Amino acid sequence: MVEHPSTGSGRRASPPRQLPVPAQLALSEDAWIDVIRRMDEVYADLVRYQLDLEEKNVALEDAQRFIDSVLSAMSDVLIVAGADGRIQQVNNALLRLLGSTREALLGRRLSELFAPGAAQLASTLPHAVHQAAILDCELELINSAGEAVPIALNCTARQEADGTLSGVVVTGRPLGELRQAYRQLHEAHEQLKTAQQQLVQSEKMASLGRLVAGVAHELNNPISFVFANMHSLQRYGERLQSYLGLLHAGAGPGELAAARRKQRVDETLADLGPLIDGSLEGAQRVSDIVQNLRRFATPQRQSAAAVDVCRVVRSALDWVCRGLRRRPRIALDVPETLEILGYEGHMQQILINLIQNAVDAMEDLAEPLLEVELATAGSEILLRVRDHGAGIAEANLVRVFDPFFTTKEVGKGTGLGLYVSYGLATEQCGGRLQARNHPQGGAEFTLWLPREVRHG
Ligand SMILES: Nc1ncnc2c1ncn2[C@@H]1O[C@H](COP(=O)(O)OP(=O)(O)O)[C@@H](O)[C@H]1O
Ligand SMILES: [Mg+2]
């Protein structure tokens with residue numbers, strides 16, 4: 001008798017003596033043992049295979065349950081068809097959408113799910129996607145009530161390991177939802193664009209308002225000057241006319257001398273030159289202001305040109321300060337001239353914004369001091385505008401360049417000045433713009449510009 005040690009099950013092979021063995025084939029004891037051992041091994045293998053199979057079955061069932069749960073959780077519809085175009089699998093979302101059952105759909109032709117206009121394309125699906133790999137389209141499905149349901153589909157080919165087509169996977173989403181979401185997105189985008197345009201516009205109007213105030217103030221001086229001079233000239237003209245009238249009428253020397261004194265002819269003649277010079281100067285100033293205004297008003301379409309940055313700095317300071325009731329003290333650390341190749345209009349706009357902000361920040365100071373520094377730094381120039389106001393709150397330092405970020409009251413700040421300046425400095429001029437609080441107080445903005453702009 002031989003034990004079956006490998007199974008440990010306690011089973012035994014049948015005793016060989018019970019077999020009807022012809023005498024001439026009788027085997028030796030050893031041979032029997034050998035046979036029994038082999039049978040024993042085969043049996044052990046069988047048991048192992050059985051166990052393996054059971055484990056694999058469990059894993060397969062788990063996988064199947066997992067796939068089922070994924071399929072039924074999907075909100076998009078899913079259809080799997082074979083290479084022959086017959087439906088092999090669908091998910092619950094499709095059943096809900098069509099009001100149908102799985103049994104009614106499995107095995108049917110894919111094209112039968114689609115509205116007549118789309119059926120033709122649907123019938124070519126497995127092969128059409130095999131060539132194009134992925135196909136995106138909008139088609140209409142037919143629900144159980146016979147109604148068309150528009151749907152955005154994405155079809156992908158299924159392939160065997162050797163690349164032959166094994167079928168098609170179709171996923172999709174009803175277009176109603178998509179269209180609505182798209183429309184809402186579109187509307188929100190439009191509203192945002194309008195709001196943005198309004199704000200940009202109001203920023204423009206705000207700067208324009210300040211500018212116009214400055215210009216009006218600036219024009220007022222030379223014009224009233226010219227007016228006063230013209231009144232004087234009118235009076236002088238009358239006096240000279242009356243004196244010349246006497247002269248032409250042949251008046252005697254005594255009469256003429258008296259008229260000359262009375263009409264202050266000598267003083268009038270001496271005054272004429274300065275009066276005309278003054279009027280010319282006033283007219284020239286008016287013309288200069290108009291020229292400047294035109295340069296400021298059309299800074300967009302320009303090409304890079306040689307610009308004297310010092311002149312731009314002075315003119316920007318002039319523009320901002322001319323509208324102020326109280327001018328700040330200005331400490332200028334600027335060379336005599338510094339020429340670069342760049343965009344004058346952009347530079348002027350950036351500087352005006354920085355200076356305007358600095359002035360705003362010092363509104364409540366008794367002795368406002370504005371420091372402006374211009375220097376070269378390697379292949380760049382560096383422009384610093386520093387004020388002695390309260391500085392920028394630490395939390396706001398990262399936000400000052402954001403569009404619409406402002407701490408000023410409504411109507412005063414639009415929060416676009418620094419945003420626009422940053423865009424001009426970096427994208428248009430190829431430079432950089434940074435903000436920080438000066439260690440000794442106040443905000444400091446630094447603008448770096450290349451000495452030769454590379455694009456544009
Ligand atoms: N020199 C400065 N000192 C203190 N805060 C400043 C200074 N410059 C800018 N800021 C802050 O950055 C914000 C944004 O500036 P800006 O974009 O020019 O818009 P706005 O001037 O219309 O508010 C300002 O509201 C202010 O809070
Ligand atoms: Mg501003």
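## Exercises: a ligand site and helix packing

An oxygen atom of ligand 1 lies 2.7 Å from an N or O atom in the side chain of Lys408. The model is predicted, with local features needing pLDDT of at least 70 and side-chain atom pairs pLDDT 80 or more, while totals for chains, interfaces and linings use all residues. Residues are numbered from 1 along each chain as written, chains are lettered from A and ligands numbered from 1 in written order, and side-chain values use heavy atoms, without hydrogens and water.

**Exercise 1.** Characterise the packing of α10 against α11.

Step 1. The axes of α10 and α11 (residues 417–428) come within 9 Å and cross at roughly 145 degrees. Axes are lines fitted to C-alpha atoms, for helices over the stretch in contact, with angles from 0 to 180 degrees between N-to-C directions; helices are DSSP runs of H or I with at least four residues, strands runs of E with at least two, numbered from the N terminus.

Step 2. This crossing is left-handed (the near helix is turned anticlockwise from the far one by less than a right angle).

Step 3. Residues in contact (heavy atoms within 4.5 Å) include His346 and Asn353 of α10, and Gly417 and Leu424 of α11.

**Exercise 2.** Find the partners of Glu380.

Step 1. Glu380 is found in strand β10 (residues 380–386).

Step 2. Leaving aside neighbours within four places in sequence, Glu380 touches Arg432, Trp448, Leu449, Pro450 and Arg451.

Step 3. With Arg432, the side chain of Glu380 forms a polar contact of 2.9 Å.

Note on methods: Polar contact = N/O pair within 3.5 Å; in protein donor to acceptor, adjacent residues only side chain to side chain.
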